[in-house]
Amino acid sequence: MKIHEYQAKAIFSDTGIPVPREKLATAPPEAKKAAEEIGLPVVLKAQVLVGGRGKAGGVKKAEKLEDVESIAGQILGMNIKGLEVTKLLVSECVAIKAEFYLGITIDRARRKPVLIASAAGGVDIEEVAKKTPEKIIKIEINPLLGLLPFQARNVGMALLSEAKLATEFTSLALKLYRLFIQRDCSLVEINPLVLTGGGTLLALDAKINFDDNALFRHPENESLRDLSSEEPKEIEAKNAGLSYIKLSGNVGCIVNGAGLAMATMDLIKRFGGEPANFLDVGGSSSPEKMVTAMRIILSDPSVRVILVNIFGGITRCDDIAQGLIQAKNEADIKVPIVARLVGTNADRACALLADSPVLSATKMSEAVKLAVARAKEAE
Amino acid sequence: MSILVDKNTRLLVQGITGRDGAFHTRMMKEYGTNVVAGVTPGKGGQEIEGVPVFNSVEQAVKATDANASIIFVPAGFAGDAILEAIFAGIKLVVCVTEGVPTLDAVRAIAVARTHNTRIVGPNCPGVISPGKAKVGIMPASAFQPGCVGVVSRSGTLTYEIAANTGEFGQSTVVGIGGDPVIGTSFIDCLKMFQDDPETKAIVIVGEIGGNDEERAAEFVQQYVTKPVFGFIAGQTAPPDKRMGHAGAIISAGSGTAEEKIRAFQSAGIDIIYEPEQLTERLRAKL
């Protein structure tokens, strides 16, 4: 789960990590009022949950008070990578002596947290890592001990020549690690971390991603969720225990298991079709789950055929068949359904579907080809 | 031979009294797995499917000499369950539970290393050595004893691939799990398969996200002499979306199917684009 910069900064501030003076605004007059309070010049920053907002024109400086309203008006309502900007952050303009990068994330390969730092801050850190890897400092953290003071200090001394500043950095990095662990983050990032004209360290930007698997033990994170950046149907699916992602094709898919669901989409494409969605019905599936899955898929008007591909393990094929029949009874489904049900209780599923108009196939390739052909006929 | 599990496996089921735990205990027993004990705190003294239930892993190990554990407890308690198994001296822990917090997995894996314990998963279908032992939730009908080693990040896709090994069957099939942080990697399994005389060919089933496949490819190039086949799911996945598995996110241009296929190809791994092509390819190489 991603949160906005202003939310991440509030958390930083609570943790004792210094941030600039700033205020959130949702309308131009509000932005003007914020600028008056903070003092000019100010920087106006679009709050959207995608990267690259600076390049998209979502971050602008305002020198004069009368400019604040007009610039705020330009940024609010702007569309950045498909997301509408509804909030902006009015931030104090800070004199910058140097810019650094500081982040903590999980290194999948080493299976432990890593602290990443660089003197080349303020730019795309992945670019820096690719082009000039020698500018990146990477510290492996023993998860049983946590980030050790000497590790943080060594990074501080590598980045900052002054002993006092290195000490300030050490304290800041340790706070950031504590935050990473306490709130079950998958990423905390300060880019840039700046050395101000006044000679102190300040988090000019802030990014926090939470581990979705750990949200159940962090009820405090629920209020930070921005539902406007999520597809409503994806939320409905999630609530029903399904995993759904809308795509642009016309072959609707219902599959059990994420890997098989992706492989099914790939095969649709390989045989000349376009998947309309990714949908994983998950493990133990009830007929009700199938009914919800069918409703979600059919609400997409571009769907011309539904392909059901189930390799039953925990999932029982007769539950799937039952769900298909129930869905057909509850709504007048016009699009053809192709079902390939193998594994647990497949024979019972076949018997259930024998008298229905559902087209069946035993091999995955056969089912996909059939579905693609039907989708083409219907266009 | 086979890897990880066989006739000598004495299995303990953690979370045996739960719905999934009880059901799969029955399925594993029916398959012939030697399930010797179950653990659910507070339910010691009961029997589930003829298996004695204990209050703690320590008690269960003392009474039954269990040497492997499979975990079905809910996500919030799975990290603790893994640690309990490790501290009781269990050397193989298969964690089926989905949705385990990443930091819990990180911690458990770090402790496992210091105790020389192997963790498979979390969020995995388990391990099966067909005809010998099934320590997992996979449907028995998809597997046949044979000589192909399969290692996969997926669940049902693993069954699909295994079912397409045709007359060659499988030595062992390992579902390593779909989470970003897992106890056993492709490389760990490749090493074991390379050293297992019964395994004649290896199939790697990967998916988008991370760079485990790329590292596996490097390993294959350097150490593996047996024929290796590769399948990658998620060629049509849009970037930045979590495709069901927590690990399956392509972000910032890394972890794409294309990059993984390229890495496989340059390591001499035979790419399978359609699961059903596997049988023919095996015939050509074995």
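How many salt bridges does the structure hold over all chains? The structure, which is a predicted model, holds 46 of them over all chains.

1. **A salt bridge within chain A.** Arg53(A) and Glu5(A) form one of these salt bridges, with 2.8 Å between the closest N and O atoms. Arg53(A) belongs to the loop between β2 (42-46) and β3 (59-62) of chain A, whereas Glu5(A) belongs to helix α1 (residues 5-15) of chain A, so the pair ties together parts that are 48 residues apart in sequence.

2. **Extent of the interface between the chains.** Chain A brings 48 residues to the contact and chain B brings 60 residues. The area buried between chain B and chain A is about 4,300 Å². Carbon and sulfur atoms give 58% of that buried area.

3. Which residue of chain A forms a salt bridge with Glu274(B)? The partner is Arg270(A), and the closest N and O atoms of the two are 2.8 Å apart. The rule finds four salt bridges across the interface of chain B and chain A. It also finds 13 residue pairs in polar contact across this interface, counting pairs in which both residues are at pLDDT 80 or more.

4. **The side of chain B that touches chain A.** Four elements of chain B each supply at least two residues of this side: α1 (19-31), α4 (102-114), α5 (156-163) and β13 (228-233). The largest share comes from α4(B), with nine residues. By class, the residues of this side of chain B divide into 27 nonpolar, 18 polar and 15 charged.

5. **Domains of chain B.** The domain assignment gives chain B a domain 1 (10-120) and a domain 2 (138-285). Their C-alpha centres lie 26 Å apart. In the contact between them, nine residues of domain 1 of chain B meet eleven residues of domain 2 of chain B. These two domains of chain B bury about 790 Å² between them, with 60% of it on carbon and sulfur atoms.

6. **Links between the domains of chain B.** The count between domain 1 of chain B and domain 2 of chain B is one salt bridge. For polar contacts, the count between the two domains of chain B is two residue pairs, both residues being at pLDDT 80 or more. On the side of domain 1 of chain B that touches domain 2 of chain B, the elements that give two or more residues are α4 and β7 (118-120) of chain B. Of these, α4(B) gives the most, with four residues. This side of domain 1 of chain B has seven nonpolar residues, one polar residue and one charged residue.

7. **A sheet in chain B.** Seven strands of chain B make an open sheet with mixed pairing, in the order β3-β4-β2-β1-β5-β6-β7. Which strands stand at the edges? They are β3 (47-48) and β7 of chain B; each has a single partner strand, so one side of each is left without a neighbour in the sheet. Within the sheet, strand β5 (residues 68-71) of chain B pairs with strand β6 (residues 92-95) of chain B in the parallel sense, over four bridges. Ile70(B) stands opposite Val94(B), a residue of β6(B).

8. **Domains of chain A.** The domain assignment divides chain A into domain 1 (21-92), domain 2 (96-222) and domain 3 (231-378). The centres of domain 1 of chain A and domain 2 of chain A, taken over C-alpha atoms, are separated by 26 Å.

9. **Backbone features to check.** Most residues other than glycine have a negative phi, and most peptide bonds are trans. The peptide bond from Asn191(A) to Pro192(A) is cis, with omega near 10°, and Pro192(A) has its place in strand β10 (residues 185-196) of chain A. In chain B, the peptide bond from Gly121(B) to Pro122(B) is cis, with omega near 5°; Pro122(B) is found in the loop between β7 and β8 (126-129) of chain B. Leu4(B), although not a glycine, has a positive phi of about 65°. Leu4(B) is found in the segment before β1 (11-14) of chain B.

How values were computed:
Residues are numbered from 1 along each chain as its sequence is written. Chains are lettered from A and ligands numbered from 1 in the order in which they are written. This is a predicted model: local features need pLDDT of at least 70, side-chain atom pairs count only at pLDDT 80 or more; totals for chains, interfaces and linings use all residues. Side-chain values use heavy atoms; hydrogens and water are left out. Contact means heavy atoms within 4.5 Å. Buried area is the accessible area (1.4 Å probe) that two parts lose on being put together, summed over both. A salt bridge is a side-chain nitrogen of Lys or Arg within 4 Å of a carboxyl oxygen of Asp or Glu. A polar contact is a pair of N or O atoms within 3.5 Å; within protein, one must be able to donate a hydrogen and the other to accept it, and residues adjacent in sequence count only if both atoms are side-chain atoms. Ala, Val, Leu, Ile, Met, Phe, Trp, Tyr, Cys and Pro count as nonpolar, Asp, Glu, Lys and Arg as charged, and the others, Gly among them, as polar. Domain bounds come from an automatic or database domain assignment. Two strands pair if DSSP finds at least two bridges between them.
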